Amino acid sequence: MKILIIEDEPGIVRFLKQGFEEEGYMVESASDGIQGLDMAVSSDYDIILLDWMIPSISGIEVCRSFRKQNTKTPIIFLTAKDEVADVIFGLQAGANDYIKKPFHFEELLERVKVQLRPVSGEHEQFSVGNIRMDIGTHQVFKNSEEVYLTQKEFALLEYLIRNKGKVCRRTQIIEHVWDINFDYNSGVIDVYINALRKKLNLEEGENYIQTIRGVGYIAKEL
């Protein structure tokens with residue numbers, strides 16, 4: 001899951017970035033409204049955390065402009081404003097939720113999870129072969145036995161299984177599983193794939209994660 005933080009307070013950005021990355025999210029940030037709006041409309045984010053009072057153009061203006069092009073990506077306002085009229089104003093501008101500064105990270109994390117809950121018809125569990133992932137509980141099972149993965153291993157497996165049957169190119173994997181500004185080194189993908197195969201104990205006849213030589217990887221049913 002990829003988060004965009006539009007916030008001009010460096011301390012808050014660092015705090016949020018560290019917290020969400022520890023939870024397995026990818027985080028990018030912008031320090032003013034123009035940069036934030038440009039990033040929001042030019043890349044795919046799963047959720048946007050938007051400060052109300054930011055340089056260049058306000059969070060309200062960013063929200064309204066973004067909603068003209070994108071009505072689905074959730075937006076949570078981060079702001080010191082707490083009057084009922086302000087809350088209504090922010091929601092009417094197109095925000096999905098609102099949290100008042102200062103806030104506890106745990107509360108914001110739960111609000112983000114609520115916004116990212118699967119929409120109707122989308123399954124929160126994914127599988128390939130005898131491997132099953134429960135995104136909500138952050139668990140992986142092979143048959144009925146739980147397999148314990150690191151955050152990055154889980155994110156990599158989730159990306160491959162969400163795209164089951166499609167070839168995932170190395171550049172796509174780097175962009176979605178690692179930070180987009182990650183210093184590209186294709187070797188790291190191979191290391192994590194090998195670790196996944198080992199932890200999943202994929203035996204002969206269980207080649208559910210296949211290498212597409214010179215291109216990337218694919219998760220597929222056999």
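Start by selecting Lys152, Ala155, Leu156, Tyr159 and Leu160 in H6, which meet Gln172, Ile173, His176 and Val177 in H7. By class, the residues of this contact are six nonpolar, two polar and one charged. The model on screen is predicted.

Now widen the selection to the two whole helices, H6 at residues 151-162 and H7 at residues 170-177. Their axes lie 10 Å apart, and the packing angle is about 130°. That angle makes H6 oblique to H7. The crossing of H6 past H7 is right-handed.

Next, select residues 10-22 for helix H1 and residues 105-115 for helix H5. Two packed helices are described by the angle between their axes and the distance between the axes. For H1 and H5, the axes cross at roughly 60° and come within 11 Å. H1 is therefore oblique to H5. This crossing is right-handed.

Show side chains for the contact: Phe15, Leu16, Gly19 and Phe20 on the H1 side, and Phe105, Leu108, Leu109 and Val112 on the H5 side. Seven of these residues are nonpolar, one is polar and none is charged.

**Helix H2 and its two sides**

Move to helix H2, residues 33-42, and colour Gly33, Gly36, Leu37, Met39 and Ala40, the buried residues of this helix. Look down the axis of H2: the buried residues fall within an arc of 165°, so they line one face of the helix. What do the buried residues of H2 pack against? Select strand E1 (2-6), strand E2 (26-30), strand E3 (47-51) and helix H3 (59-69) to see these partners. Then turn to the other side of H2, where Ile34, Asp38 and Ser42 are exposed.

Select Asn130, in the loop between strand E6 (125-128) and strand E7 (131-134). Is Asn130 buried or exposed? Its relative accessibility is 18%, so Asn130 counts as buried. Beyond its neighbours within four places in sequence, Asn130 is in contact with Phe141, Lys142, Asn143, Glu206 and Tyr208.

Phe141 counts as buried because its relative accessibility is 13%. With residues up to four places away in sequence set aside, Phe141 touches Asn130, Ile131, Arg132, Glu146 and Val147. For a distance check, pick the C-alpha atoms of Phe141 and Lys17: these residues are 29 Å apart in space and 124 residues apart in sequence.

**Gln210**

The last stop is Gln210, in strand E11, residues 209-212. Gln210 has 18% relative accessibility and so counts as buried. Which residues does Gln210 touch, not counting those up to four places away in sequence? Display Arg197, Gly216, Tyr217, Ile218, Lys220 and Leu222 around Gln210 to see them. Gln210 and Arg197 are 13 residues apart in sequence, and their C-alpha atoms are 10.0 Å apart.

Conventions:
Residues are numbered from 1 along each chain as its sequence is written. This is a predicted model: local features need pLDDT of at least 70, side-chain atom pairs count only at pLDDT 80 or more; totals for chains, interfaces and linings use all residues. Side-chain values use heavy atoms; hydrogens and water are left out. Buried means under 20% relative accessible area, exposed over 50%, partly exposed in between (1.4 Å probe, protein chains only). Contact means heavy atoms within 4.5 Å. Axes are lines fitted to C-alpha atoms, for helices over the stretch in contact, and angles run from 0 to 180 degrees between N-to-C directions. Helices (H or I, at least four residues) and strands (E, at least two) are DSSP runs, numbered from the N terminus. Angles under 35 degrees count as roughly parallel, over 145 as roughly antiparallel, 65 to 115 as roughly perpendicular and the rest as oblique. A crossing is left-handed if the near helix is turned anticlockwise from the far one by less than a right angle, and right-handed if clockwise. Ala, Val, Leu, Ile, Met, Phe, Trp, Tyr, Cys and Pro count as nonpolar, Asp, Glu, Lys and Arg as charged, and the others, Gly among them, as polar. The arc is that of the directions from the helix axis to the C-beta atoms.
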